[in-house]
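Trainee: Could we go through a structure together? I would like to learn how its parts are arranged.

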Amino acid sequence: MKIIILGAGQVGGTLAEHLAREENDITVVDTDGERLRELHTRLDIRTVVGPGSYPVVLRQAGCEDADMLIAVTSADEVNMIACQVAHTLFRTPTKIARVRAMAYLTRKGLFAHEAVPIDVLISPEQVVTDHIRRLIEHPGALQVLEFAGGLVQLVAVKAFYGGPLVGQDLGFLRRHMPSVDTRVAAIYRRNRPIIPRGDTVIEADDEVFFIAARRDIRAVMSELRRVDRDFRRVMIAGGGNIGERLAEQLEHSHQVKIIEHGIERCTVLSERLDRTVVLHGSATNKRLLEEENIEDCDIFCALTNDDEVNIMSSMLAKRMGAKKVLTLINNAAYVDLVQGGEIDIAISPQQATIGSLLTHVRRGDIVNVHSLRRGAAEAIEAIAHGDMQSSKVVGRAIVEINLPKGTTIGALVRGKEVLIAHDDVVVESGDHLILFVIDKRRIRDVERLFQVGLTFF
């Protein structure tokens, strides 16, 4: 595909890296020439220096014959105007834009073909907020991903010494829990992937990705680790967009406190939030944390836009008695360094956002993509179409499908029914299949599985 990316920031740069690896024709546009040079030396891409909303710059980037425009600059207005220009002058088929301001997002009818012609809206803050909320709802999980409108969840947990499954093979899980249907999609041991089979033995410290119907997630988690009690007391460091949205979603079911260093922002937060306690001060102030009884806090979420403040405040909170700490880290290189020590969960906002962008780049009828393990793996939700003659999956049992190496099918959703992908389950047209791909180089092969042959038409 010929794709133009406007904005070479963290999201734009990470996206260019993902897509260039998959042999797409990528052009990145930004006003920062130095940042573009740095990207160009690392990746096989074209770069254009200039404002992304200018018609002359879009023409120079090749907008006349581009398949897709992805506008992820830091300015909502530039992203919106760029989509308008691409539509009006160049008839670009697909236009994706990052829009952050709620003032735009809450206006019905604004983003339509006859108004501001944006096909797909991406709001990174909302994506990250939802990601954090799911982790708070599932204490002990490292990642919680939703498919088929939330009917199915893929959860990553770390297996702990003393868990019933540790030291047992995966076949034991089915014998031990006959009433709960689940499938282990992948296991990472010392950062290396293992394709699970019935005789695979789970070891302590394995990162286990399992898939199950939403209602069964808790039961399966309890087999792999001691189940943490529900989080009730939540402390948030940073009252920016993500901090505010998270407090808004949690304040009616949890006890929430926000620490914000800007006095004006504190005033705004106290007016907008109903039950959240807003505190003025620094999240790295030991005395403030002491006064607010940090030792009673179930989870401390460091969500400022400063990585160092997030890391230091999380480590301080943990040492002072917070049960769990969750840290937002923009610099992807830091994520692996800090997670698993004093910091329980490190979240990269780019990785959380990339999946929602990749969904629209994938070929075949792919409705959901989650980027995992810092982009090394993907979880995909694809819809099967066609019949025995035109499709490589429809009418075949799971065991008969010729899956690319390193790919597993975890579950199928048929209507509202969740079917865990055992070998004898037969795929029907219209089924949603949830796949786990541990090798990104196999993505094209997975897409081809879900492309319908011409005989179907």
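Mentor: We shall discuss a pair of helices and then a sheet.

Trainee: What kind of model is this?

Mentor: This is a predicted model, in which local features need pLDDT of at least 70, side-chain atom pairs count only at pLDDT 80 or more, and totals for chains, interfaces and linings use all residues. Residues are numbered from 1 along each chain as its sequence is written, and side-chain values use heavy atoms, leaving out hydrogens and water.

Trainee: At what angle do H1 and H14 cross?

Mentor: The axes (lines fitted to C-alpha atoms over the stretch in contact, with angles from 0 to 180 degrees between N-to-C directions) of helix H1 (residues 10–21) and helix H14 (residues 349–358) come within 10 Å and cross at roughly 55 degrees. Helices here are DSSP runs of H or I with at least four residues, and strands are runs of E with at least two, numbered from the N terminus.

Trainee: Which residues of H1 meet H14?

Mentor: Gln10, Val11, Thr14, Leu15, His18 and Leu19 do, and among their partners in H14 are Ile354 and Leu357; contact means heavy atoms within 4.5 Å.

Trainee: Now the sheet, please. In what order do the six strands come?

Mentor: The order is S14-S13-S12-S15-S16-S17, in an open sheet with parallel pairing. Two strands pair if DSSP finds at least two bridges between them. Strands S14 (277–280) and S17 (345–347) are the edges, each pairing on one side only.

Trainee: How many bridges join S13 to S14?

Mentor: Four bridges join them, and Lys257 stands opposite Val277 in S14. Helix H10 (residues 263–272) lies across S13 and S14, at about 175 degrees to S14.
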